[in-house]
Amino acid sequence: MSTITPAENLEADHRVKAVFDDIRATRKSDFINNMWRYLAFDPALLERTWAEVKTVMATPSTLDPLIKEMLYIAVSVTNGCSYCVHSHTAAAKAKGMTDAQYAELLSIISLAGKTNQLALGLQVPVDSAFDADAAKP
């Protein structure tokens, strides 16, 4: 259940239309998913969010696009964002993620969650070997 209702003709706003056009061009698709439709209630928020998503997720970088999507899935699972889990799983599959890779990813996410909770509960002190500041002269 949403907290807002998107306007009927979102692209009547020139700022929204410009962002939607850029999403279509960047993704080479006419599909505008609900995240963007709902963010369009505030054109400035839509512009800022799309600019950051485009920069981080759609601009070539040192990380492979599939790895970026898989990281996004992991964070989305951890944060409990069902929408993002679904949308980024679909994106990862479109970028070639196999069922075996997805199963391994879920195993890693669940293991990390477990060991994070154990370390937090035990308040395990960080080893000095892992402290980047300790290595400084």
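Author: Helices α4 and α5 are roughly antiparallel to each other, a class that takes angles over 145 degrees, whereas angles under 35 count as roughly parallel, 65 to 115 as roughly perpendicular and the rest as oblique. This is a predicted model, in which local features need pLDDT of at least 70 and side-chain atom pairs count only at pLDDT 80 or more, while totals for chains, interfaces and linings use all residues. Residues are numbered from 1 along each chain as its sequence is written, and side-chain values use heavy atoms, with hydrogens and water left out.

Reader: At what angle do helix α4 and helix α5 pack?

Author: Helices here are DSSP runs of H or I with at least four residues, and strands are runs of E with at least two, numbered from the N terminus. Axes are lines fitted to C-alpha atoms, for helices over the stretch in contact, and angles run from 0 to 180 degrees between N-to-C directions. The axes of α4 (residues 65-79) and α5 (residues 82-94) are 9 Å apart, and the angle is about 160°.

Reader: Which residues of α5 make the contact with α4?

Author: Contact means heavy atoms within 4.5 Å. From α4 come Leu-66, Glu-69, Tyr-72, Ile-73, Ser-76 and Val-77, and they meet Cys-84, Val-85, His-88, Thr-89, Ala-91 and Ala-92 of α5.

Reader: Is Ser-76 buried or exposed?

Author: Ser-76 lies in helix α4. Leaving aside residues up to four places away in sequence, Ser-76 touches Cys-81, Cys-84 and Val-85. Buried means under 20% relative accessible area, exposed over 50%, and partly exposed in between, with a 1.4 Å probe and protein chains only. The relative accessible area of Ser-76 is 5%, so this residue is buried.

Reader: And Thr-78, buried or exposed?

Author: Thr-78 is also placed in helix α4. Its C-alpha atom is separated by 7.7 Å from that of Gly-113, 35 residues apart along the chain. With a relative accessibility of 64%, Thr-78 is exposed.

Reader: How is α4 oriented relative to α6?

Author: Helix α6 covers residues 99-122, and its axis is 10 Å from that of α4 at an angle of about 40°. That angle makes α4 oblique to α6.

Reader: Which residues of α6 contact α4?

Author: The α4 side consists of Leu-66, Met-70, Ile-73, Ala-74 and Val-77. Their partners in α6 are Gln-101, Leu-105 and Ile-109.

Reader: What is the helix content of residues 47-118?

Author: An unreviewed UniProt entry annotates this span as "domain: Carboxymuconolactone decarboxylase-like". Its end C-alpha atoms lie 40 Å apart.

Definitions and conventions:
UniProt positions renumbered as here; feature names shortened; annotations may be inferred.
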